[in-house]
Number of protein chains: 2
Amino acid sequence: MNNLELYLQQFEQAFNQKHFPEHTPTLYNAASHILTIKGKRLRPVAIYLAHSLFDTVNDDTYNAGAAVELFHNFTLIHDDIMDKAPIRRGKPTVHNLYGENTALLAGDVVFVKAYEYLSKISQPYLGRCIELFNKTAAEVCEGQQLDMDFETKETVSYNDYVTMISLKTSVLVAASLQLGAILGGASLGNQQHLYEFGKNLGIAFQVQDDYLDAFGDPAITGKQAGGDILANKKTFLMVHTQEVANASQTAALNSLMQSNADNKVEAVLQIFKETKADAWAADLKEKYYQEAMRHLEEVAVLNERKADLLSFAQSLIHRAF
Amino acid sequence: MNNLELYLQQFEQAFNQKHFPEHTPTLYNAASHILTIKGKRLRPVAIYLAHSLFDTVNDDTYNAGAAVELFHNFTLIHDDIMDKAPIRRGKPTVHNLYGENTALLAGDVVFVKAYEYLSKISQPYLGRCIELFNKTAAEVCEGQQLDMDFETKETVSYNDYVTMISLKTSVLVAASLQLGAILGGASLGNQQHLYEFGKNLGIAFQVQDDYLDAFGDPAITGKQAGGDILANKKTFLMVHTQEVANASQTAALNSLMQSNADNKVEAVLQIFKETKADAWAADLKEKYYQEAMRHLEEVAVLNERKADLLSFAQSLIHRAF
């Protein structure tokens, strides 16, 4: 078992418990449901890995991990309400099972629970962890709002899209790494390099996610091919294509986005290829991945200690599409 | 100017500022809107009064006050979404102006902002303040859920109703007083008496609120007479009447609750009077008020120092209906 699996197991063993009281089951059954839709626990594992880079993990690592995982689950409950999503990871979403009002409130109480774990972090780390957590929580809300704002816009600039993606998904991975670094007693410089490592890795992951949705093999990704295209979603590919397309490609794209033609996915993919958005995305992912690596290299600990974080990055990012 | 007005002014002067950044206006304009629907700032004033009972108020008092006021406003945004309420205090609600999705997210970010202020509280008080705040925040969510659960029930027991009201409205007033006591360096015993003072006062206030909705003069209360009756809302009066009504009164009440007859309010009020629910409510309010007073008396400081908290209680509760 490598350290990634070890820390995942360590976190899961502690986290796999009842987090909520017996009373008010109408509220807490809904809140508990989201925790049965298990994710990869990426963010807690990132905290353990960053902490272990500097010092031995301890109860604070778990408490920070639980706080970030619960925060992430709170955002999933509320995002699913906003997106009217019936299913997440093959299971019914909270509002699908319990109604929107209870889901809204269940999200709130999962958020409170996140703060309960966070506030168990010991001194002298507590203050800095709360400050980073609060900043990040606000940014994640901003990212979700920007994502909703973009839905009503015909085009979004590449810069605005990167800002949104950073806020909505990358900053929480970045903050997880910094939380671990804080708990490990790292210098501010090392904390910041780990933050930037996580932020760039998160963006590289999202570029890859957008690419695979369009060009991935559904048998491997487990997702409907071109799901983003069918939903007219802004993605790295779409945003770039809209920026570089010529007049006829733009016209074709606009017409396709207003249609539900059988060949919609195929036709949009064709335009992506014509504008070389596929190659551009592969380069972009590599650029962000390399930037993440640069920051990991800058962290002032022996290189051999960084092997686990390198494996973490590699497990997230397939180096060849 | 008495101390209540002084502390209100002191809080308002500090709180009347921009709490949110310029960027992401689609999110932060919605979040800011709730703060333009000004309430009475009861909870911050309670913190100032409790703190000043033991020591001079300071920056911590303000930060705790801002945290509790923002938390209260977060619950208003989400409650208004759940209740589909278009108007609050004569102004459009957040979701009415900005849509449900943005309102949901604006509520979340106001909650984050509450924690930002809370985490500014200095050591050694921070830990105990956060613990109390988290416990209270979860309870307020539980109270809101119970309130929603009750909507679908034909009858609710008096005990269950008191539990719901305590959680939904009283514990935040109680916690505000305890927060002030913690910041003032009060003993745990004194903290608990102030908590119970606030909790009982909050329940007395709610009994009064329910009574005035039914029997108050609309010219004085500023509310539609019998609004709760028209909405078939569970109230202290309704819950008690359903418990003590005889068979014919119960039948009449059930039939009225399924009707929208012109005389609905008048007829329900008649049953309230027949079952003496009006006198019962007046006694009940007095009972909770006296229990609040008993706890205030138990606080181990000179009686003359308690004058402001007594005025606070009196300003909330009219001793004669």
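Modeller: Searching the whole structure turns up 18 salt bridges over all chains, a salt bridge being a side-chain nitrogen of Lys or Arg within 4 Å of a carboxyl oxygen of Asp or Glu. This is a predicted model, where local features need pLDDT of at least 70, side-chain atom pairs count only at pLDDT 80 or more, and totals for chains, interfaces and linings use all residues. Side-chain values use heavy atoms, without hydrogens and water.

Biologist: What does B:Glu12 form a salt bridge with?

Modeller: With B:Arg41, where the closest N and O atoms are 2.7 Å apart. B:Glu12 lies in helix 1 (residues 3-15) of chain B and B:Arg41 in the loop between helix 2 (25-36) and helix 3 (42-54), so the pair ties together parts 29 residues apart in sequence. Helices here are DSSP runs of H or I, at least four residues, numbered from the N terminus.

Biologist: Is B:Arg41 buried or exposed?

Modeller: B:Arg41 is buried, at 3% relative accessible area; buried means under 20%, exposed over 50%, partly exposed in between (1.4 Å probe, protein chains only). B:Glu12 is buried too, at 18%.

Biologist: Switching topic: what does B:Ile130 touch?

Modeller: Leaving out residues up to four places away in sequence, B:Ile130 touches A:Ser119, A:Ile130 and B:Leu118, with contact meaning heavy atoms within 4.5 Å. B:Ile130 lies in helix 7 (residues 126-151) of chain B and is buried, at 4%.

Methods: Residues numbered from 1 in each chain as written. Chains lettered and ligands numbered in written order. Helix = DSSP H or I, 4+ residues; strand = E, 2+ residues; numbered from the N terminus.
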